[in-house]
Amino acid sequence: MNGQRILPAVRSMKDFDKLIKMNYEYGVFLDIHVGMLKSVYAYANEHGKKMFLHVDLIQGLKSDEYATEFLCQLVRPYGLISTKSSVITKAKQKGVIAIQRTFIIDSNAFERSVQLVEKTNPDYIEVLPGVVPKVISKLHERTSKKIVAGGLIENESEVEAALAAGAVAVTTSNVELWRYFAPQQTY
C-alpha cells in the first residue's frame with residue numbers, strides 16, 4: 001500500500017466524500033449496497049482512489065466465489081477483503097489483490113488462521129482486533145504475509161503500536177485518525 005499507514009474504511013457516502021478530499025491513494029468500502037457498486041467505483045476512479053471492497057459486507061450479494069467473479073469482472077475493485085477462503089481463492093485467480101480477514105480471539109483461532117492463510121495464500125492478512133501487537137508480530141512471523149490491523153483501534157498510540165509490531169497499515173473508520181495520519185500533499 002505504498003507506505004500508506006492508514007487504510008480509511010468507508011461506511012457511508014458522507015465519509016467517502018471526506019476521503020475523496022484527502023490525499024489517500026487507498027481505501028476500503030464497508031457496508032455498501034450492491035446497487036451502488038458501479039457508481040461508487042466510477043467516482044473513486046475519477047478521483048484516483050484505489051478502493052478495496054469488503055465482500056462479506058455487501059448488502060444484497062452473497063459472499064461466495066460467484067459473487068467474487070461478478071465483482072472482479074464488472075466492478076473491478078482494486079482488491080477484495082473477506083473472511084471466506086472461497087472469496088480469497090477466486091480473487092487470486094482473477095488477479096485481484098486479496099486480503100484474508102481473520103479474527104484472533106484465542107490461540108486456537110490463531111492456529112486456524114495460520115492454516116487458512118496457508119490454504120488461501122492471500123496477499124495480505126487483516127488481523128482483528130488490531131490492538132494486540134503481540135498477535136500482529138507473531139502472525140507475520142508464522143506466515144511471512146503482510147499484516148493489516150483493524151478493529152477496536154481508537155487513537156494514535158494504538159495505530160503506532162500496531163505499526164511498530166509489524167502491520168503495514170491500519171484499517172479504521174475513524175475519520176479523526178484519517179485526518180491525523182493523512183499523507184501530506186505533494187506539489
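This is a predicted model: local features need pLDDT of at least 70, side-chain atom pairs count only at pLDDT 80 or more; totals for chains, interfaces and linings use all residues.
Biologist: How do I describe two packed helices?

Modeller: Use the angle between their axes and the distance between the axes. Here, take helix H1 (residues 13-20) and helix H2 (residues 37-46). Their axes come within 11 Å and cross at roughly 15°. Angles under 35 degrees count as roughly parallel, so H1 is roughly parallel to H2.

Biologist: Is the crossing of H1 and H2 left-handed or right-handed?

Modeller: Right-handed.

Biologist: Which residues of H1 and H2 meet?

Modeller: From H1, Met-13, Phe-16, Asp-17 and Ile-20. From H2, Val-40, Tyr-43 and Ala-44.

Biologist: Take Met-13. What does Met-13 touch, not counting residues up to four places away in sequence?

Modeller: Met-36 and Val-40. Met-13 lies in helix H1. Its relative accessibility is 32%, so Met-13 counts as partly exposed. Met-13 and Phe-29 are 16 residues apart in sequence, and their C-alpha atoms are 9.7 Å apart.

Biologist: Next, burial along a helix. Which residues of helix H7 (residues 156-164) are buried?

Modeller: Val-159, Ala-162 and Leu-163. Now look down the axis of H7. These buried residues fall within an arc of 100°, so they line one face of the helix.

Biologist: What covers the buried residues of H7?

Modeller: Both helices and strands take part. The cover includes helix H6 (133-143) and helix H8 (175-181). It also includes strands E1 (6-10), E9 (146-150) and E10 (167-172).

Biologist: And what follows H7?

Modeller: Gly-166 follows H7. Check the backbone there: the phi of Gly-166 is positive, near 120°.

Biologist: Is Gln-100 buried or exposed?

Modeller: Buried. The cut-off is under 20% relative accessible area. Gln-100 has 0% relative accessibility, so it counts as buried.

Biologist: With which side chain does the side chain of Gln-100 make a polar contact?

Modeller: With that of Thr-120, at 3.2 Å.

Biologist: What else is in contact with Gln-100?

Modeller: Leave aside its neighbours within four places in sequence. Then Gln-100 is in contact with Ser-82, Thr-83, Lys-84, Ser-85 and Ile-88, among others. Further along the chain, its contacts include Leu-116, Val-117, Thr-120 and Pro-122. Tyr-124, Ile-125 and Glu-126 are in contact with Gln-100 as well.

Notes. Residues are numbered from 1 along each chain as its sequence is written. Side-chain values use heavy atoms; hydrogens and water are left out. Buried means under 20% relative accessible area, exposed over 50%, partly exposed in between (1.4 Å probe, protein chains only). A polar contact is a pair of N or O atoms within 3.5 Å; within protein, one must be able to donate a hydrogen and the other to accept it, and residues adjacent in sequence count only if both atoms are side-chain atoms. Contact means heavy atoms within 4.5 Å. Helices (H or I, at least four residues) and strands (E, at least two) are DSSP runs, numbered from the N terminus. The arc is that of the directions from the helix axis to the C-beta atoms. Axes are lines fitted to C-alpha atoms, for helices over the stretch in contact, and angles run from 0 to 180 degrees between N-to-C directions. Angles under 35 degrees count as roughly parallel, over 145 as roughly antiparallel, 65 to 115 as roughly perpendicular and the rest as oblique. A crossing is left-handed if the near helix is turned anticlockwise from the far one by less than a right angle, and right-handed if clockwise.
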